[in-house]
Amino acid sequence: MSLLVVGSVAFDAIETPLGKVERTLGGAATYFALAASHFTPVRLVGIVGEDFTEQDEAIFRGRKIDLAGLERAPGKSFFWSGRYSQNMNERTTLVTELNVFGSFRPKLPEAYRDSEHVFLGNIDPTLQRSVLKQVRPKPKSVGLDTMNYWINGTPQELRETLKRVHILTINDDETRQLTGEHNLFRAARGVFKMGPKTLIIKRGENGAVMVHEEFIFAVPAFPLEEVHDPTGAGDTFAGGFMGYLASKGRISEQTLRSAMVYGSVLASFTVEQFGVERLAQVTKSEIRARAKQFARITTFKL
Ligand code: AMP
């Protein structure tokens with residue numbers, strides 16, 4: 001089933017204790033689309049500048065990713081640079097250059113308007129809402145990611161957008177900031193009042209917790225001995241999660257639980273190498289094998 005994503009397509013400079021890259025293709029929508037396209041066709045909405053070449057575009061080719069909604073504008077693409085601490089739990093943003101993203105006004109191609117599943121990547125909540133308004137009839141599921149910048153900077157706009165969202169994917173700090181509540185399970189109740197009835201709290205190397213009005217489900221991060229670069233793990237998680245849900249076309253406790261596992265599986269590939277290097281190579285059988293290992297890690301007898 002059709003899955004639309006709006007978000008950044010960017011160039012990143014990344015430094016981690018295990019290495020450094022000066023310029024690599026990144027952006028939330030890039031990671032999301034690469035992950036989700038293993039499960040369902042993806043329609044990408046974003047903007048790039050003149051520095052985005054045929055070679056950059058090649059990474060999306062041969063996959064079920066529609067780029068009709070990827071606008072090209074004069075100027076440079078979004079650029080982001082970040083450095084990770086020794087234990088990789090903390091990240092410092094060194095540079096954020098909006099460039100063409102600064103004047104981005106998403107306009108959906110006609111063929112995108114009937115999308116049944118929508119993911120609003122981390123951008124201005126007013127733009128997220130403008131995308132949603134262009135989708136008709138109302139989508140079956142709407143996921144949203146955001147960050148402290150929008151939670152603190154444009155709280156009213158974010159609240160307005162959240163009213164139309166089913167699944168919110170944020171990290172623990174963001175959950176606390178959004179709700180003013182330290183305890184994450186009490187915070188989840190605050191989120192339910194804002195609109196989303198499913199909250200997914202991304203906790204990096206500690207995995208992810210899903211708090212639904214009627215149940216809770218948690219997954220660990222896949223046990224890896226070496227993490228090279230955590231960039232894009234959250235967006236990859238969201239892509240695996242929403243891609244799986246859209247492929248099932250049905251949102252139930254069962255599909256939500258499995259989607260959590262596929263999100264974690266996809267994210268575990270992303271962090272193995274810098275940028276999208278590993279994610280762009282992963283095969284269906286590798287995904288299946290890791291999902292099976294996940295089942296073994298988490299199954300027990302009562
Ligand atoms: P994550 O590690 O999941 O937070 O995602 C990192 C990706 O998000 C990088 O590829 C960046 O290009 C992109 N990114 C970083 N900051 C922003 C921002 N303010 N708006 C949109 N995308 C961003």
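How many bridges join strand 2 (residues 10-16) to strand 6 (residues 78-84)? Six bridges join them, and the two strands run parallel.

## About the model

This is a predicted model: local features need pLDDT of at least 70, side-chain atom pairs count only at pLDDT 80 or more, and totals for chains, interfaces and linings use all residues. Residues are numbered from 1 along each chain as its sequence is written, and side-chain values use heavy atoms, with hydrogens and water left out.

Helices (H or I, at least four residues) and strands (E, at least two) are DSSP runs, numbered from the N terminus. Two strands pair if DSSP finds at least two bridges between them.

Look at one pair of residues. Ala10 stands opposite Phe78 in strand 6.

## Around the ligand

There are 17 residues around the ligand. A residue counts as near if one of its heavy atoms lies within 4 Å. Asp12, Gly27, Arg91, Gly232 and Asp235 come nearest. By class, the shell has seven nonpolar, seven polar and three charged residues. Here Asp, Glu, Lys and Arg count as charged; Ala, Val, Leu, Ile, Met, Phe, Trp, Tyr, Cys and Pro count as nonpolar; the others, Gly among them, are polar.

Now for some atom pairs. A side-chain N or O atom of Ser8 is 2.8 Å from a nitrogen atom of the ligand. A polar side-chain atom of Arg91 lies 2.8 Å from a ligand oxygen atom. Gly232 uses its backbone: an N or O atom there lies 2.7 Å from an oxygen atom of the ligand. On its own, the ligand has 510 Å² of accessible area, and the protein covers 84% of that. Strand 2, helix 1 (28-36), strand 6 and helix 8 (233-248) each give two or more residues to the shell. Helix 8 gives the most, with three residues.

Strand 10 (residues 167-171) is largely enclosed by the rest of the structure, because four of its five residues are buried. Buried means under 20% relative accessible area (1.4 Å probe, protein chains only).

Strand 9 (residues 141-145) runs parallel to strand 10, joined by three bridges. Gly143 has Ile167 as its bridge partner. Strand 11 (residues 198-202) also pairs with strand 10 in the parallel sense, over five bridges. There, Thr169 is partnered by Ile200.

Definitions and conventions: A polar contact is a pair of N or O atoms within 3.5 Å; within protein, one must be able to donate a hydrogen and the other to accept it, and residues adjacent in sequence count only if both atoms are side-chain atoms. Accessible areas come from the Shrake-Rupley method with a 1.4 Å probe; for residues, only the protein chains shown count as cover. Buried means under 20% relative accessible area, exposed over 50%, partly exposed in between (1.4 Å probe, protein chains only).
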